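Please read them with the model open.

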Amino acid sequence: MSDPVTYSFFGTTVPVLRSINTTAINTLRAAKDEQSKGSLPSDLEVLDSALGDMMAFRMQPVLLVKFSLTALDFLKLSKTDAPAMNPGFKSFDEVIEFFEGANKVLDSLDEKEYNDAAEKGCDISLGTGKPTLHMTGFADYLHGFVIPNSYFHLNAMYMILRNAGFKLGKRIYIGAFMSNQQQEDWAVLRR
């Protein structure tokens, strides 16, 4: 089958979130490769940089995965501990490890148990001194907020890197979303 997504709650969320995390990993690996060939900003310079009024790069990974992993933890769906939501990254390698840890959480999910939780509510803490939000439906929360929010912060990371001089192409960004069949179908353009 060329489309790996099944049209269940699990199939329309978990593979998408995993692909978003994998795109972040691929983007950071491509940035590291570019750094090794030229005079681009250091990891720390990029991690501390922002674009316009956005939060610094180092916050983007945390904001990308926090809301999905917090809900999974609240609903006790994950069989693996989530990575620490600490933006104190010192290198691209640490950010890559963070996203790999997030993917391990997604890989630990039981599909039936996850689908059965679609209509359950979940509480999402916004941090110390901020309110805790009660989401009345897990599926609605993931489709209506988490996935769009994850794309937003992935794009923020990508744009901050581009703004810092990294020449990251579309293929790096969309590669993780393409099935093996799609990658073969588009391969003629890489020749």
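1. Start with the criterion. A salt bridge here is a side-chain nitrogen of Lys or Arg within 4 Å of a carboxyl oxygen of Asp or Glu. Keep in mind that this is a predicted model. By that criterion, the structure holds 7 salt bridges. Three of them are taken up below.

2. R18 and D107. Their side chains form a salt bridge, with N to O at 2.7 Å. R18 sits in helix α1, residues 9-35, and D107 in helix α4, residues 92-107, so the pair ties together parts that are 89 residues apart in sequence. How accessible are the two partners? R18 is partly exposed, at 31% relative accessibility. D107 is also partly exposed, with a relative accessible area of 47%.

3. D93 and K32. In this salt bridge the closest N and O atoms are 2.3 Å apart. D93 belongs to helix α4 and K32 to helix α1, so this contact ties together parts that are 61 residues apart in sequence. D93 has a relative accessible area of 37%, which makes it partly exposed. K32 is partly exposed too, at 29%.

4. D116 and K112. Here the side chains meet in a salt bridge at 2.8 Å, N to O. Both partners lie in helix α5, residues 111-116. They are 4 residues apart, and about one helical turn separates them. Is K112 buried or exposed? K112 counts as exposed, at 57% relative accessibility; the cut-off for that class is over 50%.

5. The cavity. How many cavities of 30 Å³ or more does the structure hold? There is 1. The largest cavity has a volume of about 50 Å³.

6. Its lining. The residues around the largest cavity are L17, N21, L64, V65, S68, L69, A102, L106 and S150. Helices α1, α3 (60-74) and α4 are the elements that give two or more residues to this lining. Which element gives the largest share? That is α3, with 4 residues.

7. By class, 6 of the residues lining the largest cavity are nonpolar and 3 are polar. No charged residues take part in the lining.

8. Points to check in the viewer. For the cavity, begin with the 4 lining residues from α3.

Definitions and conventions:
Residues numbered from 1 in each chain as written. Predicted model: local features only at pLDDT ≥ 70, side-chain atom pairs only at ≥ 80, totals over all residues. Heavy atoms only, no water. Buried < 20%, exposed > 50% of the residue type's maximum accessible area, 1.4 Å probe, protein only. 1 Å grid on protein atoms, 1.4 Å probe; cavity = no way out; pocket = protein on both sides within 12 Å on 5 of 7 lines; lining within 4 Å. Points joined across faces, edges and corners; volume = space filled by probe spheres on them. Nonpolar A, V, L, I, M, F, W, Y, C, P; charged D, E, K, R; others polar.
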